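Welcome! Take a moment to look at the sequence and the fold before reading on.

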Amino acid sequence: MISLAQVRADTPACEHLIHFNNAGCALSPAAVTTAVTNHLRLEQELGGYEAANEAERDIAAFYTELAKMLHCDETEVAFMESATRAWQSALLSLDLQPGDQVLTADNEYASNYLSLLYLSRKHGVELITVPSDNDGLIDSQRIADSITAKTRAVALTHVASQRGDIQAIAEVGDLAREHGLIFLVDACQSVGQIELNLKQLKCDFLCGTGRKYLRGPRGTGFLYANRDTTQSLAPPVVDLHSATWASPADFEIKAGAIRFESWERNVAGVIGFGKALQYANSLGMESIQTRIRLLAESLNRKLQSIDGVEVHERSAHLSGIVTLSRVNTEAETLWENLQALGVNTSVAKRQNARLDLDSVLKRDVLRASLHYYNSEAEVSRFIDLLAAS
Ligand SMILES: Cc1ncc(COP(=O)(O)O)c(C=O)c1O
């Protein structure tokens, strides 16, 4: 069981604001900020390379803690500067050829979809986008029906930025494996709030970011690359960290997910990310998931009682992301009003979700995203403020 008093004490800003923008960037535990600033100070005192040597164990903890959280091997995870770069590196390692097909869905993260459009425009890769059902869920049968002899990969976002329903990625993983397709999962909004077991989930690549539900520093992310199914895939670029210069005219790409990493990195960020993962692992993903779900259900239920408010999550598979609209008030105005009252939320913009918000809802929506350190009292206060605004 999570001690709410303890996790709020570990999160100093809880004292003066209601932070419902965890899907944008969560508040880090104080231990994370301390680890980052301590390392920056060490760099100032010793020099950057020397500080990294001193901090070897803290750097290694990033890999150990992430592997523990995902139930995978340490050699299967790479530190990346962002989830987008991680996802793109995985996609480009597939070396897709003209006519190859990639299946995705209408909730795909904007930058991922842009990369797919880019591959389509530049290399003639065919993009097939499966629409979600009325309840916001992507039916794996629709994906199965869209697979052809030319399909090479399936790319799905586990929980979308603009919609909080949890997608059935395990079913799609089974399907992809059955058809010999590469399965690429964007877990940016799910990792840190939903238990992910990569021993069971049949995916080849999975990416995440540090700053959202994992509560790590900004400018950090990761890529998981399945040891058995991705070792023959070459990264889109190499450097002296991901490859060895074997002879003047030859090089060897390193084994493991390290081949997707860059030599230069924000070492303080790696250390802070490791601390955030350690913090989450010590609370336990099951407890985290249960608490977030309870809060989201409560918010979802209470919102239904406000006149003129529409909640956009309609499935039973709720995450901590709750999106809503209010008649006659723009999402931007609601966001502004709430911010002025000390409540952080965010706006999911239709221009960044052309396939669902823009085509179906035809408007921006307000996004309230909850974490386990939020309280029932904050949910009630949010409801009161929204009803009065
Ligand atoms: C679903 C999803 N994927 C990917 C990203 C991008 O993450 P990053 O900014 O680390 O590249 C986001 C960020 O909002 C997201 O919501």
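Let's begin at one residue: L17 sits in the loop between α1 (4-9) and β1 (18-19). Bear in mind throughout that this is a predicted model.

**Starting point: L17**

- Is L17 buried or exposed? L17 has a relative accessible area of 19%, so it counts as buried, the cut-off being under 20%.
- Leaving out residues up to four places away in sequence, L17 touches L27, G342, N344 and E378.
- G210 is 193 residues from L17 in sequence, and the C-alpha atoms of the two are 22 Å apart in space.

- The contact between the domains involves 38 residues from domain 1 and 36 residues from domain 2.

**The seven-stranded sheet**

- Seven strands form an open sheet with mixed pairing, in the order β2-β8-β7-β6-β5-β3-β4.
- Which strands stand at the edges? They are β2 (77-80) and β4 (126-130), each of which pairs on one side only.
- From one strand to the next, the twist averages 20 degrees.
- Strands β2 and β8 (residues 221-225) run antiparallel and are joined by four bridges. Within this pair, A78 has L223 of β8 as its bridge partner, and V77 stands opposite Y224 in β8.
- In a regular strand, side chains alternate between the two faces of the sheet. You can follow β2 with this in mind: V77 and F79 point one way, A78 and M80 point the other way, and all are buried.

**Helices against this sheet**

- Helix α4 (residues 56-70) lies across β2 and β8, and its direction makes about 120 degrees with β2.
- Helix α5 (residues 83-93) also packs on the sheet, where it touches β2, β5 (151-157), β6 (182-186), β7 and β8. The direction of α5 makes about 165 degrees with that of β7.

**The four-stranded sheet**

- Another open sheet has four strands in the order β11-β12-β15-β14, with antiparallel pairing.
- E310 stands opposite S325 in β12.
- Helix α12 (residues 331-340) lies across β12, β14 and β15 (365-369), at about 40 degrees to β15.

**Nonpolar cores**

- The largest nonpolar core has 64 residues, and those with the most contacts inside it are F62, L70, I143, F183, L206 and F222.
- Where does this core lie? It lies between domain 1 and domain 2, because both give residues to it.
- Apart from that core there is another of 25 residues, including A78, A90, L119 and F205.
- Beyond its neighbours within four places in sequence, F183 is in contact with several residues, among them V154, L156, I169, C203 and F205.
- F205 belongs to strand β7 (residues 205-209) and is buried, at 0% relative accessibility. The C-alpha atoms of F205 and L184 are 4.8 Å apart, although 21 residues separate them along the chain.

**Cysteines**

- How many disulfides are there, if two cysteine sulfur atoms must lie within 2.5 Å? The count is zero.
- For C188, the nearest cysteine sulfur is that of C207, 5.7 Å away, and C188 is in no disulfide. C188 is buried, with a relative accessible area of 13%.
- C203 is buried too, at 0% relative accessibility. The closest cysteine sulfur to that of C203 belongs to C72 and is 9.5 Å away, which is too far for a bond.

Definitions and conventions
Residues are numbered from 1 along each chain as its sequence is written. This is a predicted model: local features need pLDDT of at least 70, side-chain atom pairs count only at pLDDT 80 or more; totals for chains, interfaces and linings use all residues. Side-chain values use heavy atoms; hydrogens and water are left out. A disulfide is a pair of cysteine sulfur atoms within 2.5 Å. Buried means under 20% relative accessible area, exposed over 50%, partly exposed in between (1.4 Å probe, protein chains only). A nonpolar core is a set of buried Ala, Val, Leu, Ile, Met, Phe, Trp, Tyr and Cys residues joined through side-chain atoms within 4.5 Å. Domain bounds come from an automatic or database domain assignment. Contact means heavy atoms within 4.5 Å. Helices (H or I, at least four residues) and strands (E, at least two) are DSSP runs, numbered from the N terminus. Two strands pair if DSSP finds at least two bridges between them. Axes are lines fitted to C-alpha atoms, for helices over the stretch in contact, and angles run from 0 to 180 degrees between N-to-C directions.
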